[in-house]
Amino acid sequence: PDTKIIRLDKNHGFAGGVNTGINWAINHNFEYIALFNNDAVAHKNWLNSLVGIIEKQTSVGIVTGKFLRMDKQHIDSTGECFSTYGMPFPRGRNQIDSGQYDTAEAVFGASGGASLYRASMLKKIGLFDEAFFAYFEDVDISFRAQLAGWKVWYEPKAIAYHHVGGTSGKLGSFSRYHAIKNFMLLYTKNMPGWLYWKYLPNFIYQLSRMKLGAIRDGLFWVFIKAWLKTILLLPGTLLKRREVQRQRSVSTKDINAILHHGKPPKIPTIGENK
């Protein structure tokens, strides 16, 4: 009886959809906001475990947990990483869970599919970027949190199970289009200071790989469409970058220390053929 359902007039994407709920929660003075995918199932202690961390550690703005596949053996995510090639990736994906990620610790980012966010942090850094629509928007908000001095924490006792691709697997070129577009937006908005220029060759290399992958799969038109959309969004993205960097309270050295140095592991990009 306490459930509030908000019906939208159209598909606003993951970012726009959750922002509607987040705004409602903030306007009703909730302290924490949990996001949970429609293709996931939570362990009974999932939410309590997340809340337990965020209530104890005031510097933590986002808490994520152990996201397993439905077979309860393989890992989907134990926090998100961001490589110096500009490509984010889920830590531990496809590995068999044998306890190797059973230590609570700080991570770069959190999966928007099953994580908890501090409302006061969202008020300061802003909500999910609706230009992303879907994919990598959770890494974007984690990056912004890190730049503004908030910590992202991983709690292995917070377990949820994910039917990987339960939604995106049905969407075809849609997923590839947004992944390519958002890869470019993510780096342009967030990579700070001299790190932007230092890792720009790596970023261009990774973008070239994405282009070749699109050509291989007969989806070069999707790459071009994503490229053109990114150019159209560039003026607004640069304005957002200025605001994101204006709020930065940590050094570029600190950010460099939490990046994944080296190429991202060979996990298929969202929308790629496996």
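Two strands pair if DSSP finds at least two bridges between them. Strands here are DSSP runs of E with at least two residues, helices are runs of H or I with at least four, and both are numbered from the N terminus. Keep that in mind for the sheet.

Ground rules next. This is a predicted model: local features need pLDDT of at least 70, side-chain atom pairs count only at pLDDT 80 or more, and totals for chains, interfaces and linings use all residues. Residues are numbered from 1 along each chain as its sequence is written, and side-chain values use heavy atoms, with hydrogens and water left out.

Let's start with strand S3, residues 60–69. Buried means under 20% relative accessible area, exposed means over 50%, and partly exposed is in between, with a 1.4 Å probe and protein chains only. Nine of the 10 residues of S3 are buried, so the strand is largely enclosed by the rest of the structure.

Which strands pair with S3? Strand S9, residues 151–162, runs parallel to S3 and is joined to it by nine bridges. Strand S8, residues 114–118, is antiparallel to S3, with three bridges. Strand S4, residues 75–77, is also antiparallel to S3, with two bridges.

Phenylalanine 67 sits opposite alanine 160 in S9. Phenylalanine 67 also sits opposite serine 77 in S4. On the S8 side, isoleucine 62 faces tyrosine 117. S3 and S4 make a hairpin with five residues between them, and lysine 72 in that turn has a positive phi of about 65°.

On to the helices. Take H1, residues 13–27. The expected span of a helix is 1.5 Å times one less than its number of residues. For the 15 residues of H1 that should be 21 Å, and the end C-alpha atoms are 21 Å apart, which agrees. The buried residues of H1 are Gly13, Ala15, Gly16, Val18, Asn19, Ile22, Ala25 and Ile26. What covers them includes strand S1 (32–36), helix H3 (119–125) and helix H4 (137–147). Just after H1, asparagine 29 has a positive phi of about 65°.

Now H7, residues 200–216. H7 has 17 residues and reaches 24 Å from first C-alpha to last, close to the 24 Å expected. Buried in H7 are Leu200, Phe203, Gln206, Leu207, Met210, Gly213 and Ala214. Where do the buried residues of H7 fall, seen down its axis? They fall within an arc of 135°, so they line one face of the helix. That arc is taken over the directions from the helix axis to the C-beta atoms. The face turned away carries the exposed residues Pro201, Leu212 and Arg216. The buried residues of H7 pack against helix H5 (173–190), helix H6 (193–198) and helix H8 (220–246). Contact here means heavy atoms within 4.5 Å. Just after H7, glycine 218 takes a positive phi of about 70°.

That brings us to the cores. A nonpolar core is a set of buried Ala, Val, Leu, Ile, Met, Phe, Trp, Tyr and Cys residues joined through side-chain atoms within 4.5 Å. The largest has 32 residues, and Phe82, Phe136, Phe143, Phe183, Tyr187, Met191 and Leu259 touch the most other members. H4, H5, H6, H7 and H8 each supply at least two residues of this core. H5 gives the most, with eight. Apart from this core lies another, of 28 residues, among them Leu35, Tyr101, Leu127 and Tyr161. Back to tyrosine 187: leaving aside neighbours within four places in sequence, its contacts are Gly86, Leu195, Tyr196, Tyr199, Leu200, Phe203 and Arg241.

Threonine 84 lies between strand S5 (80–82) and strand S6 (88–90). Is threonine 84 buried or exposed? Threonine 84 is buried, at a relative accessible area of 3%. Not counting residues up to four places away in sequence, threonine 84 touches Tyr199, Asn202, Leu259, His260, His261 and Gly262. The C-alpha atoms of threonine 84 and lysine 263 are separated by 7.3 Å, although these residues are 179 apart along the chain.

Asparagine 94 has a positive phi of about 75° although it is not a glycine. Asparagine 94 is in the loop between S6 and strand S7 (105–107), and is partly exposed at 39% relative accessible area. Tyrosine 135, in the loop between H3 and H4, has a positive phi near 80°. Tyrosine 135 counts as buried, at 15% relative accessibility.
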